[in-house]
Amino acid sequence: MTISRRTLLGTGAALGLLTACGSNTGRGGGDSGGKGPRLAQWYHQYGEAGAEQAVKRYAAAYEKADVQVQWRPGNYDEQTAAALLTDSGPDVFEVNGPSLDQIRKGQVVDLTGLFDGVRDDFNPVVLAPKTYDGKIWAIPQVVDMHLLYYRKSLLDDAGVEPPRSLEALVDAAKALTTKKVKGLFLGNDGGAGALGATPLYAAGLSSVTEDGEVGFDDPAAARALGRLRQLYADRSLLLGAPSDWSDPSAFTQELTAMQWCGLWALPAVREALGDDFGVLALPAEGPDGRPALPVGAYGAAVNARSDHKKEAKDFLKWLWIDGTEHQEDFALSYGFHIPARLSLAKKADELTEGPAADAVRYSTEYGYAEPLLWTPASRTAYQDALSRIIKSGANPESELKSVVREVRAELDRTRKKP
């Protein structure tokens with residue numbers, strides 16, 4: 001099983017516990033070859049050619065410790081959650097988080113001091129969910145995001161402008177739908193999984209507010225989700241595509257005029273279509289709305305149970321704070337991603353023109369990241385309701401009232417000390 005970086009923006013699953021995570025951790029013992037302590041570093045298994053070799057090359061270049069990289073297949077989030085409860089887990093590890101529970105239970109090390117002098121150079125959208133109680137708990141590695149791709153020629157032929165509101169998106173999808181081409185592809189489930197909370201942000205709302213309250217107890221939320229139902233009811237959505245939304249093939253093979261996909265797909269789309277495409281954020285809903293798209297980043301963290309916490313922090317500073325050449329290489333040489341450092345994103349040639357440059361701009365202007373308080377339980381309750389709204393025509397107002405109650409109860413639970 002291989003996993004691409006797109007998984008960090010998926011709907012996610014609750015962090016669970018495995019009965020065992022394997023004994024081969026690579027941590028401790030053995031001859032380090034005179035390079036200092038041995039550090040075990042874990043990554044989830046990317047599906048991008050060359051990524052594994054690259055991180056092993058970075059580790060080998062570090063002179064102050066013997067860093068042993070492990071590429072971990074399977075359900076990585078569950079593996080790391082289980083390993084953090086033992087004394088045989090990694091010293092440093094990649095994390096889609098860390099989660100609020102991991103931070104509050106003292107399972108990860110405070111890394112705030114590593115950011116002295118460079119904190120403002122990290123993309124603030126992806127840094128925010130790695131920050132809790134004023135401290136930073138993981139270093140963002142690269143930035144990924146979702147985008148709305150549209151085929152310029154198909155829109156021109158139909159006399160349709162790139163949509164700038166959710167209402168216009170509904171109209172455009174309907175106008176672009178023919179016997180051979182559907183107007184829009186949001187995933188084979190109609191968009192509940194791929195879009196997640198993005199329509200709430202497009203309505204000027206949020207999943208959870210900065211002060212820890214439900215962010216969508218507002219009529220605008222129901223209106224936004226109702227637009228998605230209208231797309232489904234109009235038969236403007238492509239359903240049952242050979243590949244799901246994370247693969248751009250439905251778009252490049254002209255099964256759809258517009259598709260919600262990820263930044264990772266941009267090189268493949270460009271190779272297939274040349275300049276005949278553009279990208280947008282999800283358009284705004286209503287007068288108080290604004291375009292929105294999800295942004296995320298895997299982070300590098302230090303295990304609080306490590307016997308070499310200082311050495312582990314020193315290594316991560318070398319790699320993800322000081323090692324700008326490694327950061328740029330990791331972002332752009334194996335797949336297509338944005339460096340987490342704003343200065344690197346601005347100067348990378350691959351990101352300075354066309355849709356790629358638009359994506360960089362959107363990531364800071366319109367991007368949002370799921371807040372730490374948006375827990376797996378809250379996410380599941382919301383997305384189950386969204387699926388019922390889209391596919392079954394359930395009433396958005398009543399569905400959201402129920403979700404608000406569930407999320408409010410979950411927020412009350414998370415406020416309690418562990």
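The side chain of Trp 260 makes a polar contact with the side chain of His 146 at 3.3 Å; a polar contact here is a pair of N or O atoms within 3.5 Å, where within protein one must be able to donate a hydrogen and the other to accept it, and residues adjacent in sequence count only if both atoms are side-chain atoms. The model is a predicted one, in which local features need pLDDT of at least 70 and side-chain atom pairs count only at pLDDT 80 or more, while totals for chains, interfaces and linings use all residues. Residues are numbered from 1 along each chain as its sequence is written, and side-chain values use heavy atoms, with hydrogens and water left out.

Trp 260 belongs to strand 8 (residues 258-262); helices (H or I, at least four residues) and strands (E, at least two) are DSSP runs, numbered from the N terminus. With a relative accessible area of 0%, Trp 260 is buried (buried means under 20% relative accessible area, exposed over 50%, and partly exposed in between, with a 1.4 Å probe and protein chains only). From Trp 260 to Thr 352, 92 residues apart in sequence, the C-alpha to C-alpha distance is 22 Å.

The side chain of Ser 206 reaches the backbone oxygen of Val 208 at 3.4 Å. Apart from neighbours within four places in sequence, Ser 206 is in contact (heavy atoms within 4.5 Å) with Leu 200, Tyr 201, Gly 215 and Phe 216.

Helix 4 (124-127), strand 4 (131-132) and strand 13 (367-368) are the elements that give two or more residues to the lining.

Turning to helix 1 (residues 51-61), its buried residues are Ala 51, Ala 54, Val 55, Tyr 58 and Ala 59. Seen down the helix axis, they fall within an arc of 135 degrees, so they line one face of helix 1; the arc is that of the directions from the axis to the C-beta atoms. An α-helix has 3.6 residues a turn, so residues three or four places apart point the same way. The cover over the buried residues of helix 1 includes strand 1 (38-44), strand 2 (66-72), helix 12 (309-322) and helix 13 (324-332).

Some backbone details remain. A cis peptide bond, with omega of about 5 degrees, joins Gly 97 and Pro 98, and Pro 98 lies in the loop between strand 3 (92-95) and helix 3 (100-104). Asp 133, though not a glycine, has a positive phi of about 60 degrees; this residue sits in the loop between strand 4 and strand 5 (135-136) and is exposed at 63% relative accessibility.
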